[in-house]
Amino acid sequence: MPVALSPSRDPAAFPRLAFALAAVLLLWPGLQLTEFDPAALIDRRSREVMGKFLGTFFPLELSEGFLELVLKSTLETLAIATAGTFLAIVLAFPLSLVVSRSLSISRIGPRSGPWMGDFIRLPARWLLILLRSIPEIVWALLLVRAVGLGPAAGVFAIAINYSGMLGKVYFEIYEAGDTRPARALMEAGSGRLAAFFYGIFPVALPELVSYSVYRWECAVRASVVMGFVGAGGLGIQLELSMRMLNGGEVSTILLVFFLLVLLADGISALLRRALA
Amino acid sequence: MDFNLDRVGLTLDGKHRAIEEISLGIAHGERVAVIGPSGAGKTSLLRVLGTALRPTSGRLAVEGRDPWSLAREALRRLRARTGTIYQAPPLPPRQRVVTAVLAGRLGRWPLWKSYASLAYPADIPGARAALERVDLAERLFDRCDRLSGGQLQRVGVARVLYQQPELILADEPVSSLDPQLADRVVGELNRESIARGVTLVASLHAVDLALRWFPRVVGLRDGVVTFDLPPVRITDAMLTELYASESPVPPTQDNRPLELPAARLEPVAGAKQPLCR
């Protein structure tokens, strides 16, 4: 068997250097274009305006009536985030399976024409891109008009936008894991869906859960932003308080955000440990 | 399952020549060991027989037909009748042993059973029986990542025993086992092959195992067959030449001196004295 001699220099060195240079070259115009200037942050005038607003943050607004309002909005925010993320998972999971290449039977042959697999995979991929390319805030603005003010618009906006993101990351997780188990099963005559559940799913599960919980955390924050355009939840309260320049109320709500993210982080860690 | 290879060649990734040219016939129910130095093409040959890799030249016939001209569903059914034991068993680390073994029958089970078995194992007695044959029944409900490399390899064997295929392909199935267990597992595969009359093709690193258990041994080097004989007709010279590029003596379990079967039986023309270190 003739064996070609390995080169004496590291053949990967040049591509690596080229990639690093390209990254820097792309970053530079980006900073120029955005007029990135850290000095503006510590400029005297900015400091004064920021300082005045931050000064009103204390003491926190803790009156019973306001807390009750915040609690109710918090529960609504959690409900929007949870329902939206759940719907997104339900949409994303089948799409991720369609897009995934590691389940492609034609890789182990016989090929049913070179384009058959891509014929289904490509449109599914475009659908995922379409779903996630439009930000949830835009969906919310559209949906508020369609289904009216309130939490339902937020739920649908999150479901649509996040299914695109989840679907993309799900299939990347399948692809990054060890695909030999699934391939071995297909080589022993198993169908592709069974091969997925016996060969890929057990490997991918902790990452799928971890990423989905992270997305739920993002959904909590996103539902707050969407509140600003009338899609329900804590955001409506925050907007009202900010408009009235009531720093105490703003800081109470921000503290609630912090606690929510802390909660999401804890849940994620708990689930990961349970699955490890 | 029977095979006929007519000058089969295999080029991987368009450049690496894994199989130069092999012509070989294997009858139904035959037990064949493939030996040779690493990189000789043993794994590639097994993957070609298992229709996992398509030959790039020559003709392959399985049961008299070219498997690569079969319709997709027919090829899937053919593959469902093939059980492969891998040197590094491709088992998800978080999967339980019972699930890993039951997965052997995914190619035969109806879909609903495959999914139902994820919720509750569909055939616990069957999985236990298969594991008992490789001395691992007590690990039935353990997760695969709790097992040692040798135990994992035996789970892979148990999966194929449970699958009950008509062709068993074993790619260095006992490379992580100690000599005693290795002997037991190779014996179990041979018993399975004899009892159900199915074809067994195994690549083995340890020459003594191949000579002890298999009525037919194929020597492979640089992607070509150097000999294809029953053990009694294999000589020291053939083995020494086969492994010349790798080591001065053919590899055996624990590097024990090789005892050729010929030495124990009637002397065969051309046979030499047992090789000693």
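The legends below describe close-up views of a predicted model.

Because this is a predicted model, local features are reported only at pLDDT of at least 70 and side-chain atom pairs count only at pLDDT 80 or more, while totals for chains, interfaces and linings use all residues. Residues are numbered from 1 along each chain as its sequence is written, and chains are lettered from A and ligands numbered from 1 in the order in which they are written.

**View 1. The contact between chain A and chain B.** The contact takes 21 residues from chain A and 31 residues from chain B, two residues being in contact if their C-beta atoms, placed from the backbone, lie within 7 Å. On the side of chain A that touches chain B, the elements giving two or more residues are α7 (180–187) and α8 (192–227) of chain A, where helices (H or I, at least four residues) and strands (E, at least two) are DSSP runs numbered from the N terminus. The most is given by α8(A), with seven residues. By class, this side of chain A has 13 nonpolar, six polar and two charged residues; Ala, Val, Leu, Ile, Met, Phe, Trp, Tyr, Cys and Pro count as nonpolar, Asp, Glu, Lys and Arg as charged, and the others, Gly among them, as polar.

**View 2. The packing of α7(A) and α8(A).** Two packed helices are described by the angle between their axes and the distance between the axes. For α7(A) and α8(A) the angle is about 140 degrees and the axes are 8 Å apart, with axes fitted as lines to C-alpha atoms, for helices over the stretch in contact, and angles running from 0 to 180 degrees between N-to-C directions. That makes α7(A) oblique to α8(A), since angles under 35 degrees count as roughly parallel, over 145 as roughly antiparallel, 65 to 115 as roughly perpendicular and the rest as oblique. Pro181(A), Ala182(A), Leu185(A) and Met186(A) in α7(A) meet Arg192(A), Ala195(A), Phe196(A), Tyr198(A), Gly199(A) and Ile200(A) in α8(A). The residues of this contact comprise eight nonpolar, one polar and one charged.

**View 3. The packing of α5(B) and α6(B).** In chain B, helix α5 (residues 124–132) packs on helix α6 (residues 149–163) at an angle of about 125 degrees, their axes lying 8 Å apart, and the two are therefore oblique to each other. The contact is made by Gly126(B), Ala127(B), Ala130(B) and Leu131(B) of α5(B) together with Ala158(B), Leu161(B) and Tyr162(B) of α6(B). These residues divide into six nonpolar, one polar and no charged.

**View 4. The two domains of chain B.** Chain B is divided into domain 1 (1–81 + 167–277) and domain 2 (91–164), with bounds that come from an automatic or database domain assignment. The domain centres, taken over C-alpha atoms, are separated by 26 Å, and 11 residues of domain 1 are in contact with 13 residues of domain 2. On the side of domain 1 that touches domain 2, α2 (72–80) and α7 (179–196) of chain B each supply at least two residues, and the largest share, five residues, comes from α7(B). By class, this side of domain 1 has five nonpolar, one polar and five charged residues.

**View 5. The surroundings of Arg81(B).** Arg81(B) lies in the loop between α2 and β5 (82–85) of chain B. With 19 C-beta neighbours inside 10 Å, Arg81(B) counts as partly exposed, a residue being buried if 20 or more other C-beta atoms, placed from the backbone, lie within 10 Å of its own, exposed if 12 or fewer, and partly exposed in between. Leaving aside neighbours within four places in sequence, Arg81(B) is in contact with Met1(B), Pro165(B), Glu166(B) and Leu167(B).
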